[in-house]
Amino acid sequence: MTKARQDRLLTLLLRDGTWATASTLADALGVTPRSIRSYVGSINARVAPGVAIESGPLGYRAGPEGAVALRAAGGTDAGTPRDRLHTVIRGLLDTDTGIDLFDTAMELHVSPATLEADLARVRGLLSGTDLTLERSASTARLRGGEMARRRLLSRLAHDEMDAGAFDLGALRRSLAGTAVDADAFGAFKSDLVTELGGLGYYVNELGIADVVMHIAIAADRVAHRHPLSHDPASGSAAGADVAAVIERLVQQHFGVRLGEGDVQHLAALVLTRVIAPGGEGVQARARPSLDPRVEAAVRTAVGRAAREFLVDIDDEDFITRLALHVQNLRHRAQDQAWSRNPLTRSLKSTYPMIFELAVYIAGELDAELGFPLPDDEIAYIAMHVGGRLERSRQNAQLLTATIVCPGYYELHELLRSSVDRSLGQAIEVVGVETRVDPDWENLGTDLVLTTIDAPVTGERIVRIQPFLTDADVERVQAAAGRVRRARRLARLRTELERYFPADAFVRGLDVDDTGEEGIIRRLGGMLVAQGVIDDDYVERSIQRERMSSTAFTDALAVPHAIGMTATRTAIAVGVAEGSIPWGDSRVQVVALVAFSEGDREAFQTVFEQLVEVFSERESVSRIVRRGTDFPAFLDELVAVIDG
């Protein structure tokens, strides 16, 4: 547990890249500040004399050797329970006759009792799989098919990789000691991407490392004489081209000749995980291959999501692309062969509304097609949704600007042209003032870009040079970001003061006694008592939580039901004294949100900006420490919003 928390600490610091106090980090990990100081010493010892974590007056931040220390944590210390467990499982997978427990205990330098405990953990890992662990005297063996064994190997490889990451370096470490050449992974991946592109496919780089791992596992299993059986009914014309590439590259880079069963399986894996048709006329070529039921299910789900969330996603091109993805998802669901997505966590915390749309669509697809999706797969749907929304709302997000540039020949025209060329995707110039004394107070645009000193100051006033420089562009972009954020948070403050009821606040949540569902019932009960929601809303909030954790940041969970059925909009808040587990994360604040139909348009503002506020670790620490009761909590929340 201690080592896992050390790795979690280092992951947090590497991800954020900023200073954080010991108290803030302690809250995030659910330990004491003294433990944080101890963890820092242990982590730095991994790379001594280098520095993995720097310390200073502002607290701690990741040092130059931080990534090295995290990679070192994935080493092969045979004494750690995790690595010993993986060694036992690999031994069981490599033989059909089983392993002798006494011999294995001696090889691992542990007692038979310790190994018995490891076997109990093996049984836990096998839960929900098609594998079983059999015991006969001192012999233990696995029973189950080859595909189930490979899925278990895939799970072990994922477990050994850095939290939230999936890279070829981690893949080399996870498969060290196998029959394949670990140093060949990078060249194999590069050649595979190149040749798939040559066949006219777009390659999903986020999923390619996962597929390379499966290919490496297949090569290792075939080298140990554990091939997949051949299915003559499988394969396709497109699959034949991909299969030929995989067969040739595996032999070239790993020195293993795959059988027809493995070649067909891996080709199907590539076709359904990492490639999509490319080039001109993609949609025209793709539509004939779509399953009508899948297309109809996607069309229905997208239409309902568009109406429920008031967003512009009901578009033919978007529906076709998403339907292709869902059709591949359906094939993978049959084998429970899910893809990992290294962007899941950041998508969830940075774009909570888009992720919520994806969860809604995933729920509708499950109801129609019958396969629930894990978070990583929901994140891929979120990327489709986000791409569509970005294309449809780019122009709506432009800020207006006035240029103040006293005239001298065509100087103001040159400046406007430069601004349009460098900043046209962020701002729209709607006016140019060439006087030296414009009416500053009545320049009503979002930004004022001026080449002369202005008698007024503010976030929207940006001093630039007559000939636009790179530094000017950066200042304008920064000012635009501040204006957008201030506008969003101003709307949030207005909404929050209206939606937080004073008698729906709890200080001192304890998830150990009740669990996530218990906390949802506790917070929901307060809103039920006020007539805001009914018991059915609480149950639907629990169902939504089971679909995908609502821990959108390291500090905040926002449980809610799909469907805006509250009599009025209200938010019940629970604050924990320290961090509490929530799904795969830890949080300090739980906000049960209930929206009414009449506040549908406010949903996105409140939802996204509440998550944004609680994405800043220092703000969270301030709110949690000082918000000892409801008035203090709301005061601190408003103070943080006001900056």
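Which residue in β5 does Asp 100 stand opposite? In the predicted model described here, Asp 100 stands opposite Thr 139 in β5. This is a predicted model, in which local features need pLDDT of at least 70 and side-chain atom pairs count only at pLDDT 80 or more, while totals for chains, interfaces and linings use all residues. Residues are numbered from 1 along each chain as its sequence is written, and side-chain values use heavy atoms, with hydrogens and water left out.

The protein has 26 helices and 15 strands; helices (H or I, at least four residues) and strands (E, at least two) are DSSP runs, numbered from the N terminus. Of its 643 residues, 51% are buried, where buried means under 20% relative accessible area, exposed over 50%, and partly exposed in between (1.4 Å probe, protein chains only). Contact means heavy atoms within 4.5 Å. Among contacts between residues at least 6 apart in sequence, 69% join residues at least 24 apart.

An open sheet of three strands has the order β3-β5-β4, with antiparallel pairing. β3 and β4 stand at its edges with a single partner strand each, so one side of each has no neighbour in the sheet. Two strands pair if DSSP finds at least two bridges between them. Strand β3 (residues 99-100) pairs with strand β5 (residues 139-143) over two bridges, whereas five bridges join strand β4 (residues 132-136) to β5. Helix α7 (residues 112-126) lies across β4 and β5 and runs at about 150 degrees to β4. Axes are lines fitted to C-alpha atoms, for helices over the stretch in contact, and angles run from 0 to 180 degrees between N-to-C directions.

Most residues other than glycine have a negative phi. Ala 137, in the loop between β4 and β5, has a positive phi near 55 degrees. Ala 137 counts as exposed, at 67% relative accessibility. Arg 225 also has a positive phi, of about 65 degrees, although it is not a glycine. Arg 225 is found in the loop between α11 (205-223) and α12 (237-254), and its relative accessibility of 75% makes it exposed.

A second open sheet contains four strands in the order β9-β8-β10-β11, with parallel pairing. Its edge strands are β9 (427-433) and β11 (461-463), each of which pairs on one side only. Neighbouring strands of this sheet are turned by 25 degrees against each other on average, direction ignored. Strand β8 (residues 399-404) and β9 are joined by six bridges in the parallel sense, and Leu 399 stands opposite Ile 427 in β9. Helix α20 (residues 411-423) packs on the sheet, where it touches β8, β9 and β10 (447-450), and its direction makes about 170 degrees with that of β9.

Two packed helices are described by the angle between their axes and the distance between the axes. The axes of helix α21 (residues 470-499) and helix α24 (residues 602-613) come within 9 Å and cross at roughly 105 degrees. The two helices are therefore roughly perpendicular; angles under 35 degrees count as roughly parallel, over 145 as roughly antiparallel, 65 to 115 as roughly perpendicular and the rest as oblique. Residues in this contact include Arg 485, Leu 489 and Tyr 499 in α21, and Ala 602, Val 606 and Leu 610 in α24. The contact residues divide into eight nonpolar, two polar and five charged. Here Ala, Val, Leu, Ile, Met, Phe, Trp, Tyr, Cys and Pro count as nonpolar, Asp, Glu, Lys and Arg as charged, and the others, Gly among them, as polar.

Arg 600 is found in the loop between β15 (585-594) and α24. Arg 600 is buried, with a relative accessible area of 13%. Leaving aside neighbours within four places in sequence, Arg 600 is in contact with Arg 307, Glu 308, Phe 309, Leu 310 and Met 564.

In helix α2 (residues 22-29), seven of the eight residues are buried, so this helix is largely enclosed by the rest of the structure. α2 is followed by Gly 30, whose phi is positive, near 75 degrees.
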